[in-house]
Amino acid sequence: MGEPRYDLTREEIQAIYDLPITTLVYLAQSVHRRYYAPDEIQMSTLLSIKTGGCKENCAYCPQSAHYETNVAAHGLLPVETIVSAAKEAKENGSSRFCMGAAWRNPPKKGPQFDQVLEAVREVRKLGLEVCTTLGMLDTEQAQQLAEAGVYAYNHNLDTSPEYYGDIISTRVYQDRLDTLDNVRKAGMTVCCGGIVGMGETKGDRVGLLHQLHSLSPHPESVPVNLLVKVEGTPLADKDEIDIFEMVRTIATACIIMPASRVRLSAGRTQMSDEAQALCFMAGASSIFTGEKLLTTPNPGEDRDRALFQRLGLKPVEAGASASEYASAPEHASAPEHARSGSDAGVSCQAVH
Ligand code: SAM
Ligand code: DTB
Ligand code: SF4
C-alpha cells in the first residue's frame, strides 16, 4: 500500500483488458478521477523541428529515409521560428510544447545540439512545459537537456517486445529501454506509450501495456496513438482496427498506471466525436492540439473547441500541469485512500 503497483502479470493485465467494456470504462474512470479533475483535458502542441531523412526504418513513420513519402523534409529550424510557434501554441491554450526531430539520435555535441538546447531555454521562458522527442539519448545528452529545462522526454516503446522486430529492425527494444533509463536518471519525466492498429494482436497490446506498467516509476505521461496510415510506408494498407481496441488500451493504461496522464495522441482525425468521447470516458485526459501533429493532419482548434463545448470539457490552464504526477495539486487534494496506490489492486480484485 502507499505506492502504485508495478508487478501485475501479463495475464492479470490481459484480464483487465478483456473486462466487459462497461466495467472496464467504469473502473478506468473511477481510478482516473481520484487523480485528475474529470472535466479537464491537458493540451500539448507538437512542432517538428527537424523533419524527414531519419536513418531508422520504423514501418509506420513518414519520416524514415527508407520509404518514399510526401513529407517535405527540412533541417533543424532556427530558434526564432520555434519560439514563435511556441508563443502561438500558448495563446491557443496549450500548456506543453513538444519539439520532435527525425533523428535516430541527436548529433553529439556541436552547433545542432546547442541550437536545440537554446530553443529549449527560450520556450521554457514562455512558461510552457517543454517536451522533446529527439530519438535515443546518451547520459550526457539527457543531462544537458534536463539542465536546459526539458520537463518531459517522449520516447515510445510502440508495441510488445515480440512484435517490435516486425516494425523496426534498425534498433532493438533494449535501446529504447536504455534511453528511458538515461532520461529518468537525468531527472526528466518520462512520456512513453505506443501505437494501436499496426497489425499487432491483442496480446501485443497487452504486452506493451505490461512493459509500461513494469517501468518504475510509471511514465508520467502515456501517449496512445492510433496508426496514421501514410502512403509510401509499409503499414499504409493495414486493415482498420476496431476502435474499441483503442478504448480498451486507454482504459487499461489508466487502471494499471493510475497516476499517469494518458494521452489520446495521433489518429484523432480518423476518429468520430463519439469515439473520442469514449476515450475521454475511459480516462484519456490529454490531447495534441493544432492543425498538424508532426507531419500529418490533426483536427485543429475549431473542431476541438466545438467538441469540448459539446462534451463540457475544458483545457488545463498553461502552467497548471507543470507539477503533474505525485506533487500535482489534484493529487495533493485527493483523499488519502485515493492516493494509497490501491487502485490497481481494486481493479485486480474486480478481475479475480
Ligand atoms: N524520432 C524520434 C523517436 O522515434 O523517438 C521522435 C519522433 S517519432 C515521430 C515519435 C513517435 O511518433 C513514434 O515513437 C511513434 O510512436 C509516433 N508515430 C510516428 N508515426 C506515426 C504514425 N504514422 N501513426 C501513429 N503514430 C506515429
Ligand atoms: C507520440 O506518441 N505521438 C506524437 C508525439 N508522441 C511526438 C507524434 C505523432 C506523430 C504522428 C505522425 C506524424 O504526424 O508524423
Ligand atoms: Fe525516425 Fe522517429 Fe520516425 Fe522512427 S519514428 S523513423 S526514429 S523519426
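Trainee: At roughly what angle do the axes of helix α2 and helix α9 cross?

Mentor: This is a predicted model, so read every value as computed from it. The axes of α2, residues 21-35, and α9, residues 243-256, cross at roughly 40°. They come within 8 Å.

Trainee: Are α2 and α9 oblique or roughly parallel to each other?

Mentor: Use the cut-off. Angles under 35 degrees count as roughly parallel. The α2 and α9 pair is therefore oblique.

Trainee: Is the crossing of α2 and α9 left-handed or right-handed?

Mentor: Left-handed. On the α2 side, the contact is made by I21, L24, V25, L27, A28 and V31. From α9 come F244, V247, R248, A251, T252, C254 and I255.

Trainee: How does the contact of α2 with α9 divide by class?

Mentor: There are 11 nonpolar residues, one polar and one charged.

Trainee: Now α8 and α9. At roughly what angle do their axes cross?

Mentor: Roughly 25°, with the axes within 10 Å. Helix α8 covers residues 202-214. That angle makes α8 roughly parallel to α9. The crossing of this pair is right-handed.

Trainee: Which residues make the contact of α8 and α9?

Mentor: From α8, K202, R205, L209 and H213. From α9, E245, T249, T252, A253 and I256. By class, the contact of α8 with α9 has three nonpolar, three polar and three charged residues.

Trainee: On to the ligand. How many residues surround ligand 1?

Mentor: 16 residues do. The closest are T133, N156, D158, R176 and V228.

Trainee: Which atom of R176 lies 3.0 Å from an oxygen atom of ligand 1?

Mentor: A polar side-chain atom. Backbone atoms take part elsewhere. A backbone N or O atom of V228 lies 2.9 Å from a nitrogen atom of ligand 1. For W103, a backbone N or O atom is 3.5 Å from a nitrogen atom of the ligand.

Trainee: What should I look for in the backbone geometry?

Mentor: Start with the general idea. Most residues other than glycine have a negative phi, and most peptide bonds are trans. Then look for departures.

Trainee: What is the phi of D158?

Mentor: About 70°, a positive value, although D158 is not a glycine. Find D158 in the loop between β4 (152-154) and α6 (161-167).

Trainee: Is the peptide bond from S216 to P217 cis or trans?

Mentor: It is cis, with omega near -5°. P217 sits in the loop between α8 and β7, the latter spanning 221-226.

Definitions and conventions: Residues are numbered from 1 along each chain as its sequence is written. Chains are lettered from A and ligands numbered from 1 in the order in which they are written. This is a predicted model: local features need pLDDT of at least 70, side-chain atom pairs count only at pLDDT 80 or more; totals for chains, interfaces and linings use all residues. Side-chain values use heavy atoms; hydrogens and water are left out. Axes are lines fitted to C-alpha atoms, for helices over the stretch in contact, and angles run from 0 to 180 degrees between N-to-C directions. Helices (H or I, at least four residues) and strands (E, at least two) are DSSP runs, numbered from the N terminus. Angles under 35 degrees count as roughly parallel, over 145 as roughly antiparallel, 65 to 115 as roughly perpendicular and the rest as oblique. A crossing is left-handed if the near helix is turned anticlockwise from the far one by less than a right angle, and right-handed if clockwise. Contact means heavy atoms within 4.5 Å. Ala, Val, Leu, Ile, Met, Phe, Trp, Tyr, Cys and Pro count as nonpolar, Asp, Glu, Lys and Arg as charged, and the others, Gly among them, as polar. A residue is near a molecule or strand if one of its heavy atoms lies within 4 Å of it. A polar contact is a pair of N or O atoms within 3.5 Å; within protein, one must be able to donate a hydrogen and the other to accept it, and residues adjacent in sequence count only if both atoms are side-chain atoms.
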